[in-house]
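Please open the structure in your viewer and keep the sequence panel beside it. The tour below moves from one selection to the next and says what is there.

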Amino acid sequence: NVHTDKYNQKDKLEQGFTNLENQICRETLATPAAKSIPIIVVAILPSDPYSPNQNSAHRGLDRSQECALQQIFKTPDDGPWDATFSNGLNQCINPTMKYKGVHESRHYLTVRTNGGLNQMRTGIADMVAVAHMMNATLMIPQLKDSSLVDDVTFVKELPDELENAPRARKHFSSWSGLSYYEEMTQLWKEYKVIHVAKSDSRVANNDLHLDIQRLRCRALYHALRFSLPIENLGKITRGRYIALHLRYEKDMLAFTGCTYGLFSTESNELKALRQTTNHWKIKKLNSTEQRNAGLCPLTPKEVGIFLSALEYPPSTLIYVAAGEIYGGRSRLKDLKSRFPNLVFKEESVAFEEELRAFSSHASQTAALDYIISVESDVFMSSYSGNMARAVEGHRRFLGHRKTITPDRKGLVKVFDKLESGQLQERSSLSAIVEKMHKNRRGAPRERMGPPPGIKGRARFRYEEAFYVNPYPECICRWKS
């Protein structure tokens, strides 16, 4: 809450300055002298003289000309589709002057990627950083490494003389920094090859050299590419649309212990699944307590109410990025009654033939969901998870594309009041939901640390992940 308050105060302060500047401009443009200002726009070059990080004095403009230019370049109000304004921020991923590039190495890292698609992608990016810190050659087959040749050496297979050489099998510690990996280089005294058994979350979120962080961004956002057929299919022009990451799969509901709105037979089935899943240590969860704490996915019905309250029209095209919905498609009837234009990849005529090549590969269909979500006009997830976090970070990197993060805990109270009749679905509901989510739409802000009082290694579990928000290391106010 303290961190949320901190960023709310920052947003209010910035908004206050913006409102004051707008008021000054209105008053300035209302003067007789200002009404006859000649403005000739010749060109906006790559080194843009109207870059927001330059003030009017640096551009050689007086206040009237400055305000007139602001009116010309002002983004039109587009209602709920408004794109998040990036405030002149740019991608900053080039190495600094102090960066030391790749050195010749006869030491090798082999990697076993783990988890789903997005864990594998961020894991590979982390391993690129680890290989650089340990001055090792990284063996990851099929990595498109052309943009990282100055950072890390890659091979698709080990040299023949090392195929049967002894190797260290190592579980690197989670969220580790430079000093840890410098210590791990002691293994090179005994081994030429280290096999990394787990790749995800092996590198710290914070307190790393700027060049290491930027290397991770170059790896994840530039070097890693999906296959061309999937890229092309994911980027088919669809017009304006929302990508909805709907988390309502059987295993997700069982994992979170959430049974709100389900039949008793379904609730019992989920409880049984939880009991028999060995790696879920907590066997009993109170569904009501989970929901009130904001720890449950929004139901499809609640998603429909939420998007309606944000004033998206019924004609809105919604691409549903989801696994198998628990209870089948009939569970979507309330959502579909509000937004009839729900699109699933397997039902789209545009996808029908192309999908046949991918339908048997879960990672490829997940890649399609990912690309379509990143490219969407608006992205929203009904519950946080690896894909939602990865998409959010990617969209921030690409210019803070509009990404809505529902306040699930706050919305529970709103939904319950609607259910009890204490609140009606009119303008008052929209006003409440709009106010609640004013600062939850992907606007620029620096990555958040752990809540106050959380110390030691526990802080890593509570701080915002690097790949969820790579600002400020990979996003800045100057081009790099």
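## A helix across a sheet

Begin by selecting helix 14 (residues 386-397), which lies across strand 7, strand 8, strand 10 and strand 11 and runs at about 155° to strand 10. Helices here are DSSP runs of H or I with at least four residues, strands are DSSP runs of E with at least two, and both are numbered from the N terminus. Axes are lines fitted to C-alpha atoms, for helices over the stretch in contact, and angles run from 0 to 180 degrees between N-to-C directions. Contact itself means heavy atoms within 4.5 Å.

Before going on, note that this is a predicted model, in which local features need pLDDT of at least 70 and side-chain atom pairs count only at pLDDT 80 or more, while totals for chains, interfaces and linings use all residues. Residues are numbered from 1 along each chain as its sequence is written, and side-chain values use heavy atoms, with hydrogens and water left out.

Now select the strands themselves: five of them form an open sheet in the order 9-8-7-10-11, with parallel pairing. Its edge strands are strand 9 (342-343) and strand 11 (403-404), each of which pairs on one side only. Two strands pair if DSSP finds at least two bridges between them; strand 7 (residues 241-245) and strand 10 (residues 378-381), which run parallel, are joined by four bridges. To see this pairing at residue level, select I242, which stands opposite V378 in strand 10.

## Helix 10 and its partner

Then bring in helix 15 (residues 408-420), which packs with helix 10 (residues 300-309) at an angle of about 95°, the axes being 11 Å apart. The two helices are therefore roughly perpendicular to each other, a label that covers angles of 65 to 115 degrees, with angles under 35 counted as roughly parallel, over 145 as roughly antiparallel and the rest as oblique.

Move to E311, which is found in the loop between helix 10 and strand 8 and has a positive phi of about 70° although it is not a glycine. Most residues other than glycine have a negative phi, and most peptide bonds are trans.

E311 is also one of the contacts of S430, which, leaving aside its neighbours within four places in sequence, touches S308, A309 and E311. S430 itself sits in helix 16 (residues 427-436). Its C-alpha is 6.0 Å from that of L310, although S430 and L310 are 120 residues apart in sequence. S430 is buried, with a relative accessible area of 11%; buried means under 20%, exposed over 50% and partly exposed in between, with a 1.4 Å probe and protein chains only.

Four bridges join strand 5 to strand 6, where R167 has V193 as its bridge partner and K170 stands opposite V196.

Finish in the loop between strand 6 (193-196) and helix 5 (210-223), where N205 is found. At 6% relative accessibility, N205 counts as buried, and its side chain is joined to that of E463 by a polar contact of 3.1 Å. Such a contact is a pair of N or O atoms within 3.5 Å; within protein, one must be able to donate a hydrogen and the other to accept it, and residues adjacent in sequence count only if both atoms are side-chain atoms.
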